[in-house]
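Please examine the sequence and the structure shown here before reading on.

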Amino acid sequence: MSGLEFSDLTVRYGHGASAHTAVDGFQLTVRPGTSHGLVGESGSGKSTVAAAAVGLVLPSAGSITLDGADIVGRSAAARRARRRVQLVFQDPYSALDPRMPIGSSIAEGTRATQRKWSRPEQRDRVAELLERVHIDPERAGELPSAFSGGQRQRITIARALAAEPSVLIADEITSALDVSVQGVVLNLLRELQRELELTVLFISHNLAVVNYMCDSVSVMQGGKVVEAGPTSTVLAAPEDAYTRELLASVPVMGRRMTWDDEQPGA
Amino acid sequence: MAIPSIASTDPAAGPGGPAVARRGDRGLLGGLSPRSSFILRRLGRLLVSLVIVVIATFLIVQLVPGDPVRAALGNSATPELVERTRADLGLDVPVPEQFVNYVSGLLRGDMGTAIGSQRSVSDTIAQRFPITLTLAVAAFLVAALGAFPIGVATAVSSRTGRHRLADLGISGLLGVLIAIPSLLFAVGLIAVFSIGLGVLPAAGWGSFQQAVLPVIALAVGPMAYLARLVHVEMLSVLEMPYMTTARSKRLPTHLVYLRHALPNMVTSTLTIGGIMLTGMVAGTVLIETVFAIPGLGTSIVSSITSKDYPMIQGVVLVYAMLVLGLNLLIDVALATIDPRSSITEG
Amino acid sequence: MSPRPTASPLLDRLRTPRGVTGAVGALAIIVVAVIAPTVWGSAADTTSVADRLTGASLAHPFGTDELGRDVFARVMVATRVSVLLTLGATAISVIGGVLLGAVATVLPRPIRRLVTALIDILLSFPWLLMALFFSVIWGASATGAMLAVGFAGVPTFARLTYTLASSLVGRDYVKAARIAGVGQVEVLVKHVLPNMLPPMLVNAAVSASGTLLAFAGLSFLGLGVQAPEYDWGRLLGLGIARIYGNPMAAIGPGIALVVCGVIFTQLGELWNESSKRLLGLPAPVRRGPGVSVQPLAEPTAPEEPVVQVRDLRVAFPDRNGDLVERVHGISLTIMPGEVVGVVGESGSGKSVSAMAIAALLGPDSAVTASELSFRGIDMTAPLTNAERSRLGLELAMVFQDPLTSLNPSLSIGKQLRETVEVHEGLSKAASTKRAEEALESVRIPLAAKRLRQYPHELSGGMRQRAMIGMGLMGRPKLLIADEPTTALDVTVQRQVLRVLHEAQLRTGAAILLISHDIALVSGFCDRILVMKDGRIVESLDADRLHEARHPYTQGLIACVPDMTSDRTMPLPVIGALGALRQGQEPLVEGPDGERLTTTEGQRA
């Protein structure tokens with residue numbers, strides 16, 4: 001099986017009476033070169049899925065494979081395979097070391113390629129990547145504080161690309177940004193996906209953005225997938241009640257909100 | 001090798017989610033209410049601390065380089081005297097047995113006999129301890145009662161920015177008072193009130209007049225420190241959204257500050273206040289020495305100088321237990337006052 | 001674009017008064033420590049029977065000691081020993097603490113908890129007590145005291161290191177480095193240590209001043225430096241012994257101690273950003289004289305506007321104290337029962353405007369308006385008690401983060417009740433009854449129980465509904481909701497908006513809803529005001545959104561994908577794409593926006 005595949009992924013935090021199952025028997029296959037949306041509200045476990053895929057969290061059960069190779073665990077093979085999955089974080093303000101020039105941060109990303117880079121090679125690569133995300137390569141020596149939120153998010157994308165990934169996981173990458181900047185980052189991601197033939201796992205709480213960005217989608221609730229399928233099908237004709245509730249809750253431009261008689265939860 | 005942060009990462013934190021963090025794991029005490037689990041944890045810590053203190057004081061004699069008995073008696077003492085004293089002190093038996101004897105002695109309230117005075121250590125301590133406790137508690141009350149009004153008033157005033165010069169002056173004065181060690185303050189007080197004006201005695205203990213200068217000397221530095229802490233805490237509380245909510249209700253000013261601001265700074269100031277209170281307990285050592293007060297402080301200094309180890313062990317133990325007792329008091333106060341006290345602890 | 005971080009922030013801070021004091025003081029200490037033995041050495045050691053125990057004089061500013069040696073010279077000479085011992089002890093504390101803390105960070109979990117618990121226990125003992133304990137073991141000598149004071153400080157730095165490292169290790173940039181395959185040790189060296197350094201330096205400097213005093217204490221007690229050596233503490237002890245004869249012999253070394261301690265602290269504050277709060281704040285500008293024509297009338301007739309704003313300007317002082325205008329003369333009118341939305345991005349001035357309308361901006365703001373009134377109350381003038389009561393009952397606020405906008409120390413019930421208890425003089429029983437009704441009307445079940453709970457016991461959505469319920473306690477005529485659902489999930493957002501809507505229906509209050517989400521505002525409000533850079537650029541009816549004429553409004557509408565967005569086309573972007581190629585952000589993301597004021601660089 002190729003692509004990024006999660007099967008029966010389970011992640012628990014804590015132990016004893018305080019244990020909490022964040023992800024519970026999660027199933028997902030992202031086909032190569034496509035983008036898959038992962039939708040859910042806070043606490044649904046979608047960010048934990050991302051953390052498990054890049055090795056920040058050790059699953060309690062289940063497996064994650066990339067093009068058939070196991071990417072979970074501490075073995076050298078798993079580590080190597082895992083480097084081809086890169087993560088872009090939600091908050092561009094904490095994703096860059098405030099005391100490290102952005103060029104060095106990006107250069108650090110080239111580590112994941114596990115090739116030897118000479119200094120000039122590395123410099124050229126950083127310039128190329130900055131160019132790619134539409135940031136002036138001359139500014140590689142500046143600190144993150146010199147950049148705005150949208151620019152920083154593009155820099156973190158460049159850092160992820162430096163690893164030459166085949167899968168890019170975007171974890172709520174626009175939710176900390178102003179709407180006008182959001183479009184720039186989304187367009188960039190689409191452009192990169194097309195040009196680099198990336199496989200993208202796009203995590204978001206925003207159904208409209210997922211609808212625009214993704215070929216297929218999974219809806220998560222309480223650590224489980226409640227509905228999955230092609231975006232057009234799932235969002236146009238949702239079968240699951242929770243998906244329907246989510247869809248009904250999204251404000252639509254220029255459409256008066258209506259209030260039926262649903263009971264507000266706790 | 002896992003980096004620890006992951007354990008503390010909030011599993012429930014969602015995208016752009018609320019800043020509300022689900023608090024970390026409760027470990028074995030997960031089933032209890034937060035408050036009782038907080039108190040239980042603190043009691044456990046107290047117990048462990050006690051054990052550490054007892055072991056540490058026991059080890060004093062063992063860790064001293066060379067022969068402690070010879071060191072205590074001096075080079076002129078005869079070998080017979082040294083051996084007899086060693087037997088008196090119970091140091092002629094194997095170390096484990098010494099420890100058992102030490103602990104069982106403590107349980108009976110027997111801390112041995114001082115080498116110098118040949119008096120029971122417990123008796124000396126029983127006589128001197130109340131003096132030290134009175135001094136520390138009086139100083140703490142003065143510090144706390146002075147610090148809160150000053151800190152709150154300067155914070156409110158500096159926020160409205162109406163009296164900038166006065167604010168700068170007071171904050172400068174507090175800075176200077178913090179920098180002056182109690183020892184020095186004591187000297188200054190003696191110079192002015194005992195020597196210069198001749199209105200208050202510079203030494204001794206027993207009367208109210210004799211207590212004034214030592215208490216002030218011990219209280220002023222911590223008071224200034226606490227006042228500045230209250231000031232900073234108050235300023236940060238005043239910036240919180242819930243204070244805007246309170247102001248939006250157009251409540252009378254005193255309600256805004258007393259009901260809405262003050263309770264939110266109690267936890268932090270009480271925590272720091274507790275640390276300062278224990279610091280004051282230690283500070284009595286210096287102040288008692290300056291003012292020649294017959295408390296535990298003077299006896300620890302003289303016993304360290306004369307290498308009177310049973311006395312040192314006893315006094316250090318009592319000081320440490322006093323500190324632990326005060327910590328427990330503070331913890332109980334925290335658990336009673338703050339509805340969330342148990343949660344704020346990682 | 002935003003300024004490049006060229007000058008070192010430390011250099012900037014050196015130019016402040018505090019920086020100058022610190023730098024000059026440090027230099028002075030070094031100079032005295034180096035030259036004192038040469039310059040004052042002979043005076044400090046020359047004994048003279050004739051001059052013994054004299055008081056302060058021109059020749060001997062601090063008098064002489066029992067051997068006729070000049071105390072002032074001895075104080076100067078003692079600088080070197082005192083400072084070196086202090087630095088030595090501080091170094092022991094810092095190095096020992098950092099090592100212990102760093103080791104604790106990388107230990108496996110059970111051992112880590114054990115070590116940190118031990119550190120906490122040690123921390124609960126005062127320094128002096130620990131130092132006394134150690135000095136018993138190491139004996140009364142300068143080295144023994146240095147070790148004692150140094151080791152007594154280890155737990156403090158171990159705890160600090162552990163806390164800092166644990167928090168830094170959780171940052172996304174550290175995770176990113178790990179994902180890229182950077183090893184644990186390298187992560188510590190490249191990312192954790194550099195970011196730990198500034199707070200460590202602050203604490204080391206502050207701790208040095210404490211160490212200096214601790215040392216003085218030990219020497220004073222006779223447990224530190226021993227004769228014939230001397231440091232400030234021993235000189236102080238000798239001086240105190242004869243304080244009746246010559247107070248200066250005690251005060252002299254005391255002054256040296258205080259000056260040196262203050263300089264150490266100042267050096268620490270140099271790194272400490274918080275110090276700028278007390279210095280360099282500009283003289284606040286009082287609220288300008290409002291030229292109000294509105295008479296002070298009792299509740300106005302229904303056709304009178306609830307809010308009338310003309311030419312509202314709000315300015316805040318920047319770092320240098322110069323006033324910078326953030327809202328540039330906006331005007332708006334809100335009629336009774338009207339639901340008005342204000343849309344804009346960070347830094348557009350929408351929240352500031354709302355706070356100005358409610359007269360809730362802090363004292364450092366400068367608000368001027370040719371008219372700013374709420375139901376006949378002039379909000380630019382000082383309020384009378386009657387006006388305050390009316391405002392408290394008629395104007396309600398809901399803020400973005402429901403956890404911090406409710407007071408964590410007070411029960412929900414107390415917070416709900418107090419408005420009517422204060423302004424209407426209601427009894428506790430009556431106000432409790434009303435509070436229960438208010439909670440029920442915002443769809444919070446078990447109201448009586450909820451009233452006894454504290455905010456942290458409620459879910460996010462429930463807290464926000466409780467906030468709305470709080471606004472319903474009086475007789476609300478206007479509800480200002482500033483991003484009330486931004487921190488909430490969409491399904492919860494819907495519940496909160498619904499409650500807001502129902503509250504509006506029931507009370508007939510007007511609503512001013514502030515949001516960055518134009519889709520939400522268009523679905524909830526009657527009228528939309530679009531704000532950008534402190535100005536209202538467009539005002540239009542919600543159902544005529546498609547008629548928006550201002551390019552910014554059109555951009556805002558177009559740049560957000562919705563369920564009907566064409567996937568084959570890139571999203572329209574505000575601003576020219578050509579500008580993007582030069583690394584420029586679209587024009588809406590100004591460098592003076594709120595975003596940049598919260599950047600990591602300035603926070604650290």
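## Confidence in the model

Among the elements of chain B, which has the lowest mean pLDDT and which the highest? Helix α1 (residues 5–8) of chain B has the lowest, 30, and helix α10 (residues 241–248) of chain B has the highest, 92. Here pLDDT is the predictor's confidence in each residue, from 0 to 100. Helices (H or I, at least four residues) and strands (E, at least two) are DSSP runs, numbered from the N terminus. This is a predicted model, in which local features need pLDDT of at least 70 and side-chain atom pairs count only at pLDDT 80 or more, while totals for chains, interfaces and linings use all residues. Residues are numbered from 1 along each chain as its sequence is written, and chains are lettered from A and ligands numbered from 1 in the order in which they are written.

The model scores ipTM 0.87 and pTM 0.77. For chain B the mean pLDDT is 80, with 87% of its residues at 70 or more. Residues 1–30 of chain B stay under 50 in pLDDT, and the model has 67 contacts for them beyond four places in sequence. Two residues are in contact if their C-beta atoms, placed from the backbone, lie within 7 Å. Another stretch with pLDDT below 50 is residues 342–346 of chain B, which has 10 contacts beyond near neighbours in sequence. Chain C has an average pLDDT of 81, and 87% of its residues score at least 70. Its residues 1–7 stay under 50, with 14 contacts beyond four places in sequence; residues 273–300 of chain C are also below 50 and have 41 contacts beyond near neighbours in sequence. Where pLDDT is low, the predicted coordinates should not be read in detail.

## Chains A and B

Chain A contains nine helices and 10 strands. Its C-alpha atoms fill a box of roughly 65 × 45 × 35 Å along the principal axes. Of the 266 residues of chain A, 56% are buried. A residue is buried if 20 or more other C-beta atoms lie within 10 Å of its own, exposed if 12 or fewer, and partly exposed in between, with C-beta atoms placed from the backbone.

Helix α5 (residues 149–162) of chain A has 14 residues and spans 20 Å from its first C-alpha to its last, close to the 20 Å expected at 1.5 Å a residue. The expected span is 1.5 Å times one less than the number of residues. Because 14 of the 14 residues of α5(A) are buried, this helix is largely enclosed by the rest of the structure. Just after α5(A), E164(A) has a positive phi of about 50°.

Chain B has 15 helices and zero strands. Of its 346 residues, 42% count as buried. Of the contacts in chain B with a separation of 6 or more, 70% join residues 24 or more positions apart.

## Where chains A and C meet

How many residues does each chain bring to the contact between chain C and chain A? Chain C gives 70 residues and chain A gives 64. On the side of chain C that touches chain A, the largest share, eight residues, comes from α18(C). This side of chain C divides into 32 nonpolar, 21 polar and 17 charged residues. Ala, Val, Leu, Ile, Met, Phe, Trp, Tyr, Cys and Pro count as nonpolar, Asp, Glu, Lys and Arg as charged, and the others, Gly among them, as polar.

## The core and two residues of chain C

The largest nonpolar core has 348 residues, and those with the most contacts inside it are I169(A), L478(C) and L512(C). Such a core is a set of buried Ala, Val, Leu, Ile, Met, Phe, Trp, Tyr and Cys residues joined through C-beta atoms within 7 Å. Beyond four places in sequence, the residues that L478(C) touches include V306(C), F374(C) and L512(C).

A140(C) lies in the loop between α5 (127–138) and α6 (142–169) of chain C. It is buried, with 20 other C-beta atoms within 10 Å. Among the residues that A140(C) touches beyond four places in sequence are T305(B) and G222(C). L270(C) belongs to helix α10 (residues 248–271) of chain C, and it counts as buried because it has 21 C-beta neighbours inside 10 Å. L270(C) and G19(C) are 251 residues apart in sequence and 5.9 Å apart in space, C-alpha to C-alpha.
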